[in-house]
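Here is a briefing on aromatic contacts. How is a pair of aromatic rings described? The distance of the centres and the angle of the planes describe a pair of aromatic rings.

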Amino acid sequence: MQIAIRLSPQTPVSLPFSYFDRLAAALYGTLATANPDFADNLHDGGEHRSRIKLFAFSPLHSRQTEVHRPDPEKNLDGGLVFKGPTYFKLASPWPELMNSAGEGLLANGFLRIGSQLLRIAGANLLPPPDFTETMTWRPTKTGSIVTSWSRRTDNTKLYAFPDQPADGQACELLLRTNLVHKWQRLCEVRNDLAATWSGLDPAATRDAFNPDHIRISFADSANGDDPDYRQRLHQIKELPVRSWQAPVTLHAPPPLQRLAWACGLGEMNSMGFGLLEEVRR
């Protein structure tokens, strides 16, 4: 399930370039308005701590955005100023989460991102695409995808890209493995949904898919055989995070396609990465 949430700044809203953690906190606050116990458990409860959260959101998008570059001489950090209608998308396969988010948004009337307030102008439920075994996706608007690997020898986090493995771990393998982990997590949280999506007996859903059921490919650049993508650098809670933007062709059973659409591709979906939209041919 995906919803598009429309926001209306009452006055120009200034945010740092890396505001994703602030938007994540705002969404947890929205959930807490409607269902505080659910929000606390999702954020840091024993069932969900350090586990896949099964929700994703996109960065903010507006046609009336000013980019202010840093100016060290004037001691200005720079950032983004949203001056007109703005929207973002929220997604989850989990009905309880989406219902709580909708109730919280309606109850508050505003979304508070750090010290900035944006009025809730509306929310639309987005129709799902027709899920098939081969689909091409891209990150939503200004979104991007994170694929990383923690080296066991020194626990260093390395980032993989479509043409750059991380310590031998290919980007495609990391995406495939992560998507299967999301499926297994869905089976733990809402096995009834997994059974409905797959048409399988509930006892057989968790082990229904493995990375071998998935293939991933990227579009080649116009000048050669290397994948065509862009890298991005973010600061999330004062830590550097690297991501990439590119269309992704996913060959996978329809239940996994639905899951990718419903909670994102790659890592850190609950921090603003990986939310997808279909590339229509």
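This is a predicted model: local features need pLDDT of at least 70, side-chain atom pairs count only at pLDDT 80 or more; totals for chains, interfaces and linings use all residues.

Residues are numbered from 1 along each chain as its sequence is written, and side-chain values use heavy atoms, without hydrogens and water.

**Aromatic pairs**
- The whole structure holds 9 aromatic pairs (Phe, Tyr or six-membered Trp rings with centres within 6.5 Å; planes under 30 degrees apart are stacked, over 60 edge-to-face, the rest tilted).
- One of them joins Tyr19 and Phe82 edge-to-face, at 6.3 Å centre to centre and 85° between the planes.
- Tyr19 sits in the loop between β2 (13-15) and α1 (20-34) and Phe82 in strand β5 (residues 79-82), so this pair ties together parts 63 residues apart in sequence (helices, H or I of at least four residues, and strands, E of at least two, are DSSP runs numbered from the N terminus).
- Tyr19 is buried at 2% relative accessible area (buried is under 20%, exposed over 50%, partly exposed in between; 1.4 Å probe, protein chains only).
- Phe82 is buried too, at 2% relative accessibility.
- Tyr28 and Phe55 also pair edge-to-face, with 5.9 Å between centres and 80° between planes.
- Tyr28 belongs to helix α1 and Phe55 to the loop between α2 (36-44) and β3 (56-57), so the pair links parts 27 residues apart in sequence.
- Both Tyr28 and Phe55 are buried.

**Cluster**
- Tyr19, Phe20, Phe82 and Phe273 are linked into a cluster by ring pairs.

**Charge over a ring**
- Arg258 lies over the face of Trp197, 5.4 Å from the ring centre (NZ of Lys or CZ of Arg must be within 6 Å of the centre and within 35 degrees of the ring normal).
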